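Me: Morning! Please walk me through this model, starting with the ligand.

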Amino acid sequence: MISLAPLERSQDHTVAHIAPFPDQILFVGTVEEIFREPPDRFDLHQILMETAPGETTPVGVFKIDRHYHISFPVAPAGEIGMRALIIDSRVQGKGVGTAAMRALAPYLAPLYPQASFVYLTVNFRNLGALSVYAKAGFENTGDTWPHGAAGPQAVMRHPLRSPTPAEPT
Ligand SMILES: CC(C)(COP(=O)(O)OP(=O)(O)OC[C@H]1O[C@@H](n2cnc3c(N)ncnc32)[C@H](O)[C@@H]1OP(=O)(O)O)[C@@H](O)C(=O)NCCC(=O)NCCS
């Protein structure tokens, strides 16, 4: 059972054990780095796994960029972006990432009521991440972000709001 929750900057010790595999750092950075992001722009969030009834342990982190278009002008102003998704290497490949990304839109929607979409970019070589995002309902925008540290990236987005039902005629 996977859930998502805000991560306060004072909680850094609770997620310090989370790390990607060394060869994944190129794609995503480290948990330590996300705590250096300015709070006026970045919110931190954690991915929790239920280990016993009523008991959870953090197994992943990500950050939400509230001004994503400043770094990624492929997204319109006002939309949010998810960055630095890291699932701890010890639990990768067990469905945690897919469950977390399926839970993402319903979790973010009430927290960011001004946004219509959550955007992300993902390296074309990061096949595991591409598979997880597709399974969780992210769509390719068709844009390519060419400036990724590890090479070109696909631009994906997921709606945060249900389409308004059509007016009865
Ligand atoms: C990418 C990441 C978030 C996925 O999390 P996870 O918990 O391992 O994902 P899951 O176990 O839910 O699913 C992994 C899926 O990717 C697939 N996958 C893994 N490696 C793959 C590869 N090289 N090629 C194709 N598919 C791959 C698996 O088969 C699985 O799909 P399945 O359930 O259909 O079999 C995690 O691996 C991670 O933190 N990676 C390092 C950081 C990173 O790259 N973050 C994303 C930056 S955009």
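Me: Which residues come nearest to the ligand?

Reply: Of the 21 residues around the ligand, the nearest are Q92, G97, T98, L127 and G128. "Around" needs a C-beta atom, placed from the backbone, within 6 Å. Keep in mind that this is a predicted model, where local features need pLDDT of at least 70, side-chain atom pairs count only at 80 or more, and totals for chains, interfaces and linings use all residues. Numbering starts from 1 along each chain as its sequence is written.

Me: OK, and which elements give two or more residues to that shell?

Reply: Helix 2 (25-28), strand 4 (80-87), helix 5 and helix 6 do. These are DSSP runs numbered from the N terminus: helices are H or I with at least four residues, strands E with at least two.

Me: Which one gives the most?

Reply: Helix 6, which puts five residues into the shell around the ligand.

Me: Switching topic: what's the strand order in the sheet?

Reply: The order is 1-2-3-4-5-7-6, in an open sheet of seven strands with mixed pairing. Strands pair if DSSP finds at least two bridges between them.

Me: Why is one side of strand 1 and of strand 6 left without a neighbour?

Reply: Strand 1 (2-6) and strand 6 (139-145) are at the edges and each has a single partner strand, so one side of each has no neighbour in the sheet.

Me: How many bridges join strand 6 to strand 7?

Reply: Four, and strand 6 runs antiparallel to strand 7 (residues 153-159).

Me: What stands opposite N140?

Reply: That's M156, over in strand 7.
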